[in-house]
Each structure stands twice: as structure tokens, then as C-alpha cells.
Amino acid sequence: MPVIKILPHAEYCPEGASITTAPGTSICEALLANDIHIEHACDQVCACTTCHVIVREGGRSLSEMEEDEEDMLDRAWGLEPDSRLSCQALLRQQDITVEIPKYSINHAKEGK
């Protein structure tokens, strides 16, 4: 089973983490199932960019990016060449390393 290594993030995962999950699981599903409460304002239907992550290692082993994900990612803050929407990126057999960006476009969170 693939391992997702999550780099430290001050709010969601201060110590970093490594989690194991089944192939075919989205990065977002795996994080949420392991108490890493990444933002996901659209309920994981590719209608926002709040679950944006940067895949630092192993990105080629994820499911292919579809056009709707590419279109949504154009709206993400801090976009990088290895950015993915965690709700759309499905794991295969290889391990990956992800970074949760410091900033999000989740306006509902502002002021909290």
C-alpha cells in the first residue's frame, strides 16, 4: 500500500506525518481519514481549489490530471508545476510526498 508523507504545516500537520492508504484513494480522502483536516470547501467535487497540495515526490505515480482539475488549479494561490487538487489526485502503488500550501483561497475561513 502506498505511503503519503506529509511535510510539516503549522496549522494542519505541525509535525508532519506518514500515512498508509489503499491505491485508488484520493490524497484528500486519505488525509481526512487520518485526522489531517485539510480544507475541502466543495465537498471534493473539483469545484474549488481549497484542497490544493504540492506533490514534492512521486507525482508521476498519481492518476492523470483531467481538464476540469487543470482549469480549477489555474485559480489556486501558490500554484506550482507539481500542484494538484488533493480531491482529484488518486494514489496508485508508489509512495508520494506532499506539501500543504500555507495559504488558501477559502474565503469562508477568513476572519477566523
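## Thr25, a buried threonine

At 15% relative accessibility, Thr25 counts as buried (buried is under 20% relative accessible area, exposed is over 50%, and partly exposed is in between, with a 1.4 Å probe and protein chains only). You'll find Thr25 in the loop between strand S2 (17-20) and H1; helices (H or I, at least four residues) and strands (E, at least two) are DSSP runs, numbered from the N terminus.

Before going further: this is a predicted model, where local features need pLDDT of at least 70 and side-chain atom pairs count only at pLDDT 80 or more, while totals for chains, interfaces and linings use all residues. Residues are numbered from 1 along each chain as its sequence is written, and side-chain values use heavy atoms, with hydrogens and water left out.

Back to Thr25. Its side chain makes a polar contact of 3.5 Å with the side chain of Thr21, and a polar atom of the Thr25 side chain sits 2.8 Å from the backbone oxygen of Ala22. A polar contact here is a pair of N or O atoms within 3.5 Å; within protein, one must be able to donate a hydrogen and the other to accept it, and residues adjacent in sequence count only if both atoms are side-chain atoms. Leaving aside neighbours within four places in sequence, Thr25 is in contact (heavy atoms within 4.5 Å) with Ala30, Ala89, Leu90 and Leu91.

## The overall build

The chain has two helices and five strands, and they come in the order β-β-α-β-α-β-β. Its radius of gyration is 13 Å, close to the 13 Å that the globule rule gives for 112 residues, so the chain is as compact as a globular protein of that length. That radius is taken over C-alpha atoms, and the rule is 2.2 Å times the number of residues to the power 0.38.

Of the 112 residues, 43% count as buried. Among contacts with a separation of 6 or more, 67% come from residues 24 or more positions apart.

## Salt bridges

There are three salt bridges in the structure, each being a side-chain nitrogen of Lys or Arg within 4 Å of a carboxyl oxygen of Asp or Glu. Arg56, Glu80 and Glu99 are linked in a network. Arg56 and Glu80 have their closest N and O atoms 2.7 Å apart. Arg56 lies in strand S3 and Glu80 in the loop between helix H2 (67-73) and strand S4 (83-85), so this pair ties together parts that are 24 residues apart in sequence. Arg56 also meets Glu99 (2.8 Å, N to O), linking S3 to S5 across 43 residues.

Glu69 pairs with Arg84 at 2.8 Å between the closest N and O atoms. That one connects helix H2 to strand S4, 15 residues apart, and both Glu69 and Arg84 are buried.

## Two aspartates with positive phi

Most residues other than glycine have a negative phi. Asp35 has a positive phi of about 60°, and Asp43 has one near 65°. Asp35 is in the loop between helix H1 (27-33) and strand S3 (52-57), and Asp43 is also found in the loop between H1 and S3. Asp35 is exposed at 58% relative accessible area, and Asp43 is exposed at 61%.
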